[in-house]
Amino acid sequence: MTWGCNVCGSTDLIEGTPRGSALCEAHREAGHHVVSMQTGAMVCPCGWQILGQYSSEDRDRFVKLHWEAVCAGAPIAEGTS
């Protein structure tokens, strides 16, 4: 099985990247934004958070959007529901 970047799915991964944290060069910065999934909240050490109960698909989508924003250089704003 070929593993892909957790953000975009690219198989051109950073050498030595752990399978569970697979990232391509374009999304390297996402590795510094490990989001904690808590009951009723998703929280990143940078201050980004989403509050509320969501499906696993929605949680994954929100986290990927956060990572994409970080990698694009967007300012990080707290999100709430």
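**View 1. The salt bridge between Arg-61 and Asp-58 in this predicted model.** The side chains of Arg-61 and Asp-58 meet in a salt bridge, with N and O 3.2 Å apart; the term stands for a side-chain nitrogen of Lys or Arg within 4 Å of a carboxyl oxygen of Asp or Glu. Both residues belong to helix H1 (residues 56-71), where they are 3 residues apart and therefore separated by about one helical turn. Helices (H or I, at least four residues) and strands (E, at least two) are DSSP runs, numbered from the N terminus. Arg-61 is partly exposed at a relative accessible area of 42%, and Asp-58 is partly exposed at 26%, where buried means under 20%, exposed over 50% and partly exposed in between (1.4 Å probe, protein chains only).

**View 2. The salt bridge between Arg-28 and Glu-25.** The closest N and O atoms of Arg-28 and Glu-25 lie 2.8 Å apart, and the structure holds 2 salt bridges. Arg-28 is partly exposed, its relative accessible area being 42%.

**View 3. The open sheet of 3 strands.** The strands follow the order E1-E2-E3 with antiparallel pairing, two strands being paired if DSSP finds at least two bridges between them. Strand E1 (36-38) and strand E3 (49-51) are the edge strands, each pairing on one side only. Strand E2 (residues 41-43) is joined to E3 by 3 bridges, and Ala-41 has Leu-51 as its bridge partner in E3.

**Notes.** Residues are numbered from 1 along each chain as its sequence is written. In this predicted model, local features need pLDDT of at least 70, side-chain atom pairs count only at pLDDT 80 or more, and totals for chains, interfaces and linings use all residues, while side-chain values use heavy atoms, leaving out hydrogens and water.
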